[in-house]
Amino acid sequence: MQKVKIFLALFILIVLIGACSSQNNGNSNSQSSEPIKLGLLLPLTGEAASWGQNSLAGATLAANEINSQGGIGGRKIELVAEDDKCSADSVSAIQKLINVDQVTGVIGPICSASGGPALPIAESNGVPVVIVAASAPKLTEGEYIFRVYPSDSFQGKEAANFIYNTLGKKKIAIVYVKNDWGEGIKNVFAPTFRQLGGEVIYEDGVLQTDKDFKTLITKVKESGAEALYLPVYPAGGVSALKQIKEMNLNIPVIGGDAFDGEEFFKSDYAEDTIYLVARVNSPEDFKAKIKNVKGFENLEVAIAAPLAYDALRVMTEAIKNTGSTNKAGIKEALKQTSINGVSTSKIEFDSVGDLKQVAYDVKVVRSKKSVYR
Amino acid sequence: MALIQIIVNSLIIGSLYALVACGFSLIYSTNKFMHFAHGISVVIASYLFYLSLNTLKINFIISILLVLILTGLFGIFMYKVFYGPLQKRKSSNIVLLIASVGILILFENMIMLVFGTTVKTINSDLTKSIEFSSFIITPLQIIIIVTSLILLLLLYLLMKKTKIGRNMRAVSDNKELASIIGIDYKKVSYYSFFIGSLLAGIAGIFIALEQTLEPTIGTNLIVKGFTGSIIGGITSVPGSILGSYILGIAENFGIWYLSSGYKDAIAFTLLFLFLLFKPHGILGINKGIKK
């Protein structure tokens with residue numbers, strides 16, 4: 001019994017301390033009037049944690065800048081960050097942001113796996129969201145959902161154009177990974193390529209866990225394709241490229257943005273592989289600014305930082321234009337808002353809520369380095 | 001042209017499955033529980049091989065020997081630390097099965113912690129392809145097929161001709177009876193874990209050279225090895241080998257006629273059909289009361 005009492009006492013103490021400290025946070029931010037609360041739905045731990053920390057840094061920088069200029073109409077921006085672990089944990093996280101914190105808008109997520117289950121909740125509650133990096137095309141289907149990162153559907157379109165027009169290949173084989181990302185790209189790529197006048201001569205989806213592609217490559221070889229479009233992840237991709245070399249399939253291989261990482265182009269088999277990746281700027285002076293943000297001095301700055309910075313700025317710009325925290329109004333304002341971004345020159349949304357203008361870079365692996373083609 | 005290539009492809013992947021399956025089946029037949037953590041022995045072997053060859057720059061042959069011994073010892077370690085104490089407490093086989101899945105996840109995560117989640121590759125000169133008139137193969141793939149066949153033959157001889165093999169078969173047949181005639185079944189368990197894991201080690205080295213490394217490959221491999229064992233008969237080591245080759249052939253012909261995306265579906269359909277209609281597999285024996 002004694003033990004239970006001690007535990008209870010400890011528990012109450014912890015709760016009280018927690019309450020006090022959060023009270024302090026609240027007080028420091030609300031001076032003249034209530035602050036505007038914005039939620040951050042980010043993978044602060046887990047496999048994409050570095051993306052989450054970068055986004056947190058970018059959003060914090062944007063909020064600090066706005067607050068130092070007096071906030072929006074005298075109201076400061078207050079950020080509430082929740083961890084979605086790059087997974088369906090996003091559901092409870094976004095429910096907390098919407099119902100408990102009652103945020104005006106949400107910035108995030110990073111992962112499509114988190115966005116898929118969480119964003120419909122924001123949509124049905126009428127809370128505007130600006131996605132930082134989750135790229136599955138379907139995510140922006142809702143009225144309230146916008147995105148500062150190019151949708152995968154753009155990638156399929158760009159790749160089709162590049163292969164048909166620049167490489168001049170008219171017969172294409174496509175092998176994609178069977179998930180939201182791979183199928184999203186394929187569903188745009190194949191019709192675009194046909195529209196251009198090309199022929200999709202072979203089409204097949206592979207499992208994400210698959211490492212043995214020999215029979216598949218035999219099929220591609222028999223099909224007589226002039227090039228292979230291969231939007232798969234690096235683990236499968238390296239295996240596939242190795243086996244493509246072993247089986248003497250001598251046609252150009254074009255990959256997706258998932259190939260844009262050292263783990264891919266450091267391998268022996270990536271040589272000469274071409275891939276398309278969306279252009280996201282991360283200028284040096286911006287990186288320096290991020291490093292000045294308290295708590296992020298040692299951050300390895302990556303593209304998530306400028307993306308989250310832009311996401312927060314476009315959201316606050318829309319709030320400013322609305323003149324209130326009316327969420328439906330902010331949604332309408334987001335459709336009209338246009339700002340000069342850091343990650344990309346102009347941030348404007350199309351009718352779906354995706355970026356109007358997206359630039360892609362074509363890169364190629366040469367001597368284990370990724371270079372512009 | 002394509003037909004021969006598909007058969008060759010089936011033999012390569014079938015050999016890898018067989019190496020996983022026969023170790024799994026060996027451990028099952030002497031211990032009578034599903035050692036699903038067998039998959040992690042394969043992964044540990046591939047990562048140790050990567051560490052030894054790429055990071056520590058140890059000689060190729062020495063690396064192989066080192067990895068095989070360490071993987072065998074890892075098998076003994078798993079038995080000693082996890083299964084042994086559970087068996088002592090007379091835990092049911094279901095508990096051991098759950099423990100084995102737990103061990104698989106535990107070590108998978110430990111590998112992620114130590115090596116990270118990014119994909120790793122080992123570059124080797126053995127992958128320069130040789131082109132025949134009707135198919136293409138690399139020296140490594142020839143080594144995989146030949147070594148597997150030799151090893152599997154050796155395993156068969158070990159089981160049939162040596163004393164330890166005879167003891168293993170005796171324990172596999174009836175543990176109580178075997179211990180009455182003075183066979184130390186604990187010792188037999190250790191042997192089976194050592195040999196089984198060593199075979200997994202060979203599979204791990206081949207996979208490291210032939211495919212890419214990821215911490216999560218173990219689950220997929222043990223599922224395929226398990227399927228191979230069920231098809232051939234889980235209590236029979238030669239059966240599990242036969243089953244693995246059948247699985248390899250079924251998968252590759254399935255890909256040829258259907259789509260690559262159905263690969264796992266083909267494996268599971270086979271597994272399901274055998275469990276329904278021939279639960280003891282092709283070569284397995286039905287012990288217990290016969291009608």
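The answer below begins with the core and then turns to a strand and a helix.

Tutor: This is a predicted model, in which local features need pLDDT of at least 70 and side-chain atom pairs count only at pLDDT 80 or more, while totals for chains, interfaces and linings use all residues. Residues are numbered from 1 along each chain as its sequence is written, and chains are lettered from A and ligands numbered from 1 in the order in which they are written.

The largest nonpolar core has 195 residues, and those with the most contacts inside it are A:Ile107, A:Val132 and B:Val20. Such a core is a set of buried Ala, Val, Leu, Ile, Met, Phe, Trp, Tyr and Cys residues joined through C-beta atoms within 7 Å. A residue is buried if 20 or more other C-beta atoms lie within 10 Å of its own, exposed if 12 or fewer, and partly exposed in between, with C-beta atoms placed from the backbone. Helix H1 of chain B (residues 2–31) gives the most to this core, namely 16 residues; helices (H or I, at least four residues) and strands (E, at least two) are DSSP runs numbered from the N terminus. Because domain 1 (31–149 + 282–342) and domain 2 (153–278 + 360–372) of chain A both give residues to the core, it lies between them. These bounds come from an automatic or database domain assignment. The centres of the two domains, taken over C-alpha atoms, are separated by 33 Å.

Beyond its neighbours within four places in sequence, B:Val20 has contacts that include B:Val42, B:Ala200 and B:Leu221, a contact being two C-beta atoms, placed from the backbone, within 7 Å.

Strand E8 of chain A (residues 227–230) is covered on both faces: A:Ala227 and A:Tyr229 are buried on one side, and A:Leu228 and A:Leu230 on the other. E8(A) pairs in the parallel sense with strand E6 (residues 171–177) of chain A over three bridges, and pairing requires at least two DSSP bridges. A parallel pairing over three bridges also joins E8(A) to strand E9 (residues 253–255) of chain A, where A:Ile254 is the bridge partner of A:Tyr229. From E8(A) the chain crosses through helix H8 (residues 234–246) of chain A to E9(A) in a right-handed β-α-β crossover; with the strands pointing away from the viewer, the path from the first strand over the helix to the second runs clockwise.

Finally, 15 of the 18 residues of H2(B) are buried, so this helix is largely enclosed by the rest of the structure.
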